[in-house]
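Please examine the structure shown here together with its sequence. A short report accompanies them.

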Amino acid sequence: MKRDKRSTVEEYNEIFKEVLNEIRELMIAKNADYGDSWRKMRLPSITDQIIVKAYRIRKLEESKEPPKISEGVVAEYRDIINYCIFALIKLREEKERRRKE
């Protein structure tokens with residue numbers, strides 16, 4: 001039986017909302033622990049953090065054993081998303097700052 005395209009989109013939309021909510025909660029919790037330290041980072045430093053996280057994911061995926069210390073691939077993906085959001089915020093703020101000049 002063929003799936004209704006609308007129901008698939010609605011299903012993905014709900015899952016998307018759930019994932020974004022989890023990521024937002026993680027960001028809030030980490031900010032409570034670390035503060036807004038990402039605000040002090042330059043954009044290339046945020047990019048470097050994303051690359052490091054991607055590298056860790058690759059190593060975890062290629063490893064035949066479960067991680068000993070790492071929270072695993074899911075945590076790394078969540079961190080990448082948060083770093084991407086931080087970068088987008090910094091880009092938006094920079095654009096706004098330039099507009100006001």
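The report below covers the basis of the model, the overall fold and the aromatic residues.

## Basis of the model

This is a predicted model, in which local features need pLDDT of at least 70 and side-chain atom pairs count only at pLDDT 80 or more, while totals for chains, interfaces and linings use all residues. Residues are numbered from 1 along each chain as its sequence is written, and side-chain values use heavy atoms, with hydrogens and water left out.

## Overall fold

The chain holds three helices and zero strands, where helices are DSSP runs of H or I with at least four residues and strands are runs of E with at least two, numbered from the N terminus. The order from the N terminus is α-α-α.

Along the principal axes, the C-alpha atoms fill a box of roughly 60 × 40 × 25 Å. Of the 101 residues, 16% are buried, that is, under 20% relative accessible area with a 1.4 Å probe, counting protein chains only.

## Aromatic cluster

Trp38, Tyr83 and Phe86 form one aromatic cluster. Rings of Phe, Tyr and Trp (its six-membered ring) pair if their centres lie within 6.5 Å; planes under 30 degrees apart are stacked, over 60 edge-to-face, and the rest tilted. There are two aromatic pairs by this rule. Trp38 and Phe86 are stacked, at 4.3 Å centre to centre with 5 degrees between the planes. This pair links distant parts of the chain, 48 residues apart: Trp38 lies in the loop between helix 1 (5–34) and helix 2 (43–62), and Phe86 in helix 3 (residues 73–100).

Tyr83 and Phe86 form an edge-to-face pair, with 6.1 Å centre to centre and 90 degrees between the planes. Because they are three residues apart in helix 3, about one helical turn separates Tyr83 and Phe86. Both Trp38 and Phe86 are buried, and Tyr83 is buried as well.

Methods:
Buried means under 20% relative accessible area, exposed over 50%, partly exposed in between (1.4 Å probe, protein chains only).
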